[in-house]
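Keep the structure in view while reading.

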Amino acid sequence: MVAAPPDAVAPAVAVGLRHVAWLSADGDIETITPETAARRLREGGPPPLVCHARDAARRLATGPFPARDLLELFAFARPARFCLPTPAGLARALGLPVPVSLEAAAATIAAAADGLLAELARLDRPAAADAAAVARAMGRGGWPWAGLVLAALDAGDEAPHSATAGEGLKVWRRLPEWQESPPEPPPGTWPVEPVEARARLVRLLGPDTEDRPEQAAYAAHAAAAFRPRDRDGDPHVVLAEAGTGVGKTLGYLAPASVWTEKNGGPVWISTFTRNLQRQLDGELDRLYPDPAEKRRRVVVRKGRENYLCLLNFEEALARLPARAGPDAFALGLMARWAAASRDGDMVGGDFPAWLAPLLGRGLTVELTDTRGECIYSACTHYKKCFIERSVRRARRADVVVANHALVMVQAALGGDGAAPPTRTVFDEGHHLFAAADSAFSAHLTGQETADLRRWLLGPEGGGRSRSRGLRTRIGDLVADDEAGPQALDEALAAARALPGPGWRQRVAGGTPVGPAEAFFALVRQQVYARDRDSRSPYSLETPTAPPVEGLVAAAGTLDVALGRLRTPLTALAQALAALLDARADQLDTASRLRIEAVARGLERRGTRQLQAWRAMLQALHGETPAEFVDWLAVDRMDGHDVDLGLHRHWVDPTVPFAETVVAPAHGVLVTSATLRDATGGDDADWAAAEARTGARHLPSAPVRAAVPSPFDYPALTRVLVVTDVTRDDADQVAAAYRALFLAAGGGALGLFTAIARLRAVHERIAAPLDEAGVPLLAQHVDRLDVGTLIDIFRADEDACLLGTDAVRDGIDVPGRSLRLIVFDRVPWPRPDVLHKARRNAFGGRAYDEMLTRLRLKQAYGRLVRRADDRGVFVLLDRALPSRLAGAFPEGVEPRRLGLAEAVAETGAFLAHDSDGKA
C-alpha cells in the first residue's frame with residue numbers, strides 16, 4: 001500500500017511505453033497493460049491524476065481524455081517556475097524522492113498533487129485571493145482542479161459560475177507601469193587593457209579558484225575588441241577561437257564589464273541558441289551577485305514576437321463564450337504566469353515551454369505580437385507592456401543579452417529607435433553565416449504575401465479574429481493630413497491583389513484569384529514539373545529558368561500590382577514624417593514614439609519588402625544579379641504543401657552583415673569553439689573563419705586568437721567508424737543504434753541528417769530500450785520542444801535522445817548524461833539550388849568538406865564539457881573520407897571497425913571512470 005491520491009476516489013496513473021502503473025484511491029498499486037488502462041478510462045469515473053495528459057493519451061492511443069494534469073496544477077501553484085514535465089521532474093522541483101520505477105512514478109504523481117495543494121493552502125491572504133479569483137474563472141470553464149484548488153485556498157462558497165468569475169483573469173490590472181527615463185548620454189571610448197581584463201577575471205572567479213592560464217590568455221585577447229576606433233567604418237574585430245573548457249563566457253565578460261564601467265555604455269552579447277542565453281544568465285550572477293542589481297544592469301532582449309501581448313490576451317478573454325469551456329484553463333494559467341513573470345518572455349524565458357503543447361498554441365505562444373500589428377501608445381496597456389518595458393530597460397543596462405537574428409534586424413531596419421551599440425560580442429560565432437543568411441534573404445511566397453494582406457486589411461470573412469488592420473492602427477494619425485486618408489484608402493484597395501483567405505486551396509486546385517495567386521499557381525506548376533521527385537514528402541524546389549509558359553507574364557502583372565501598393569504606403573510613411581515635424585512642439589513622448597514605430601513598420605513592409613519582391617519578379621524576365629541566388633520552391637510538411645513562392649538569398653550573406661552590423665560598430669568580438677576549419681593549414685583555416693564571419697569584407701584585418709582546450713581528448717574520447725552497417729537499411733541502422741545505446745547503458749545522443757530516418761529508428765528501438773530500462777526521447781516524435789527534451793535528457797543519466805541538427809546545436813550536457821554520440825551518416829550539406837551556387841563560388845569540393853568538417857567538429861565537441869567527462873563518438877558510415885579526420889582534435893584518430901567490435905569497444909571504454917577504475 002502507498003499513499004492514496006488527494007481526491008478520495010481518483011486514481012493516479014503513470015503511463016510508460018509498454019506498461020501503466022495505476023494507483024487506486026485505496027492506495028493499491030497495479031501494473032497493467034496500456035489496453036487495460038485505456039478500457040478503464042473509457043468506462044468513465046473520476047478524472048485520473050496524470051503527468052502530461054497529452055503524452056499519456058498518445059501512448060494509450062485513446063485520444064484526449066478527462067484528467068487532472070499535474071503539470072497544470074504546477075503551472076498554477078508555481079507560475080514562472082522551472083520544472084521538467086515528467087514525474088521525476090516534479091519530484092526534483094518539489095523535493096520528493098525521485099522515482100526509479102513506473103510504480104514509484106504513480107506514487108510521485110499523487111504526492112506531488114498533495115504537495116502543491118498544500119503550498120496553495122499556505123499562501124498569504126492577498127496571494128490566495130488572487131489565486132482564487134483565477135481558479136474561479138477556470139472553474140467556470142470546467143477545470144478539473146478547480147474544486148480542490150479552491151478548497152485548498154479556503155476560498156469560500158462563491159460559485160465559479162458567478163458573474164464576477166472572469167474578473168480574475170484580467171491580469172493587466174495587477175501589473176505595474178513602467179516609467180519613461182531621460183535619454184542616456186553616449187558612451188566614452190576608453191580602452192580596456194589586457195591587464196585590466198585579467199584582473200577582472202580573477203575577481204569574477206574568486207580567490208579559491210585554481211589558476212586557469214588559458215582563460216586568462218583568452219580574456220587578454222578579447223580586450224582588443226574594446227579599444228577605441230581610429231577610423232569611421234573600420235572597427236576593431238577580434239576572431240577568438242576558444243577550445244571547450246577554456247571558459248570563454250567569463251573570458252569575454254571580464255573585459256566587457258570593465259569597458260561598460262569605464263565608459264558608461266552597454267555591451268551587447270549575441271548568441272544563436274537559447275541554451276547559451278540561459279548559461280550566460282547564470283554566469284552573470286558572478287558579475288552581479290545581488291539579484292536587484294543584476295536586474296538593473298542585465299537585460300535579455302528579444303524580438304517583439306517573443307513577448308506576451310496584453311492586448312491580444314484581453315481580446316482572447318473577450319472571445320470566451322458565456323460558458324467559458326477549456327479555453328478558460330489556458331487563459332487562467334496564462335494569467336497566473338503573466339502576473340509572476342520576470343519579463344513576459346514566452347520563448348526561452350520563464351514561460352514553461354511544455355505548456356504550449358498542453359494547452360494549444362493559439363492561447364499561449366500565439367498571444368505574442370507575431371503579426372507586427374502593435375498599436376503602441378494607442379493601446380490601453382501601453383504603460384504596462386512587457387515589450388516596451390524590456391526596450392527601456394535595455395537602454396539603461398550595462399549588459400544586453402540578445403540573439404543573432406535580433407541584432408541583425410535591429411541594425412538593418414533601425415531597431416526600436418535607440419542608438420546602436422558600439423560594442424558587440426557574437427558568441428557561437430560559427431552560426432553567423434547561417435543567421436545572416438536568414439536575416440538578409442527575401443521570400444515572395446504565398447504565406448508572406450497573405451500575411452501582408454492581413455497586416456493591411458485586418459480580419460476578413462466575418463470570423464472572430466484579433467488581427468488589426470492598418471486603418472485601425474494609424475487611421476487617427478493621418479486623419480488630419482490632406483493626402484493621408486486617400487493614401488490609406490488606396491493602399492487598402494491595392495492590398496486586395498494579394499492572396500486572400502483560402503489561397504492554398506485555390507492555388508493547388510488551379511482556381512487562383514488575383515495576380516498574386518495566379519503567379520503562385522504557375523510557380524507551383526513549375527516546381528512540380530521540374531523537381532526530380534515531386535512525390536517526396538519533403539520540400540520541393542527548382543531553378544527559376546527556363547520559366548514555364550505564362551510565368552514571366554504573371555510576374556509582370558504582379559510587379560505592377562505591388563507597385564500600386566507601394567506608392568500609397570510610401571505616401572503614408574511620408575505623411576507620418578511630416579506629422580512629426582509639424583507637431584514637434586505638441587506631441588508627447590509616447591505619441592512621438594508611436595508615430596516613429598509605425599513609420600518604421602511602413603518602411604519595412606511597405607517600402608523595403610515590396611521593393612525586394614519587385615526586384616525578384618523583374619529578374620524573372622531579365623537576369624538575377626550575380627551576388628544573389630533565386631529559386632522557386634514548394635515548402636511541405638508531412639507530405640502537405642504549406643507554402644510556395646520565389647526565394648532570394650545572397651551568395652555570401654556576410655557581405656550585408658559586415659556592411660550593416662559590423663562596420664558601424666567600434667569593436668566586435670566573434671568567438672566560438674569551432675571558428676576555424678581544420679585542414680592543418682593555419683592560414684587557410686583562419687581564412688575560412690574570416691569568410692564565414694564577414695571579417696574579410698572589412699577595411700582592416702581582424703585580430704586572430706586561438707586558445708586550445710585544456711582537455712586531454714585522446715585519453716577522454718574514442719572516435720569509431722562502423723564499416724559493416726548498410727546506411728540505407730533502416731533495420732541495420734536501428735540495430736546498430738540499439739546495440740550501441742545498450743552498450744553505453746544510456747547517456748546517448750543519436751544524431752540524424754533526415755527526420756524520416758530518425759522516426760524509423762525510433763519506431764524500431766523504443767520498445768527494446770524500454771524493456772532494458774533505458775528511456776528514449778525523440779525530437780519530431782515526442783510532443784515537446786527541443787529545449788525541454790534536452791533538459792529531460794540532461795537530468796537522467798541513463799536516458800537516450802534522438803535528434804537532428806537543432807539538437808546538435810543546442811545541447812550542452814556535462815557529465816555522464818552524455819557519454820555516447822552516434823551519427824547516422826556523414827553530414828554532407830544538402831545539394832540544393834542555394835548550396836550549388838555557393839559551392840561554385842567558394843571552392844567546389846573543398847567548400848563541401850569544410851562545412852562537413854565543421855559539423856562533425858561541432859557534434860564531437862558536445863561529448864566532453866569538463867575535465868572528468870569521457871565519451872565515444874560513433875559514425876555509422878563507412879564512407880567517411882580520411883581528409884575529414886581534421887574535425888577531431890590532434891591525437892584523436894578515427895578507428896574503422898565492425899559493429900560488434902564498436903559495441904564492445906564502447907562498453908569497455910565507458911565502463912571505466914576518468915581515473916581508469918571500473
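The model is predicted: local features need pLDDT of at least 70, side-chain atom pairs count only at 80 or more, and totals for chains, interfaces and linings use all residues. Residues are numbered from 1 along each chain as its sequence is written, and side-chain values use heavy atoms, without hydrogens and water.

Helices here are DSSP runs of H or I with at least four residues, strands are runs of E with at least two, and both are numbered from the N terminus. Helix α24 spans residues 551-582 and helix α25 spans 589-619. Their axes come within 9 Å and cross at roughly 160°. Axes are lines fitted to C-alpha atoms over the stretch in contact, with angles from 0 to 180 degrees between N-to-C directions. The crossing of α24 and α25 is left-handed: the near helix is turned anticlockwise from the far one by less than a right angle.

Now take helix α33 (residues 833-842) and helix α34 (residues 845-860). Their axes come within 7 Å and cross at roughly 110°. That makes α33 roughly perpendicular to α34. His835, Arg838, Arg839 and Phe842 of α33 meet Arg845, Tyr847, Asp848 and Leu851 of α34, where contact means heavy atoms within 4.5 Å.

The whole structure holds four cavities of 30 Å³ or more. A cavity is a set of points on a 1 Å grid over the protein atoms alone where a 1.4 Å probe fits but cannot get out; lining residues have an atom within 4 Å of a point. The largest cavity has about 150 Å³ of space, counted as the space filled by probe spheres set on the points, which are joined across faces, edges and corners. Its lining has 18 residues, with Cys309, Leu311, Cys374, Cys379 and Cys385 nearest the centre. Helix α16 (386-396) is one of the helices that supply at least two of the lining residues. With three residues, α16 gives the most.

Finally, the backbone. The peptide bond from Ala545 to Pro546 is cis, with omega near -5°. Pro546 sits in the loop between β12 (540-543) and α24. Ala80 has a positive phi, near 60°, in the loop between α3 and α4.

Methods
On a 1 Å grid over the protein atoms alone, a cavity is a set of points where a 1.4 Å probe fits but cannot get out, and a pocket is an open set with protein on both sides within 12 Å along at least five of seven lines; lining residues have an atom within 4 Å of a point. Angles under 35 degrees count as roughly parallel, over 145 as roughly antiparallel, 65 to 115 as roughly perpendicular and the rest as oblique.
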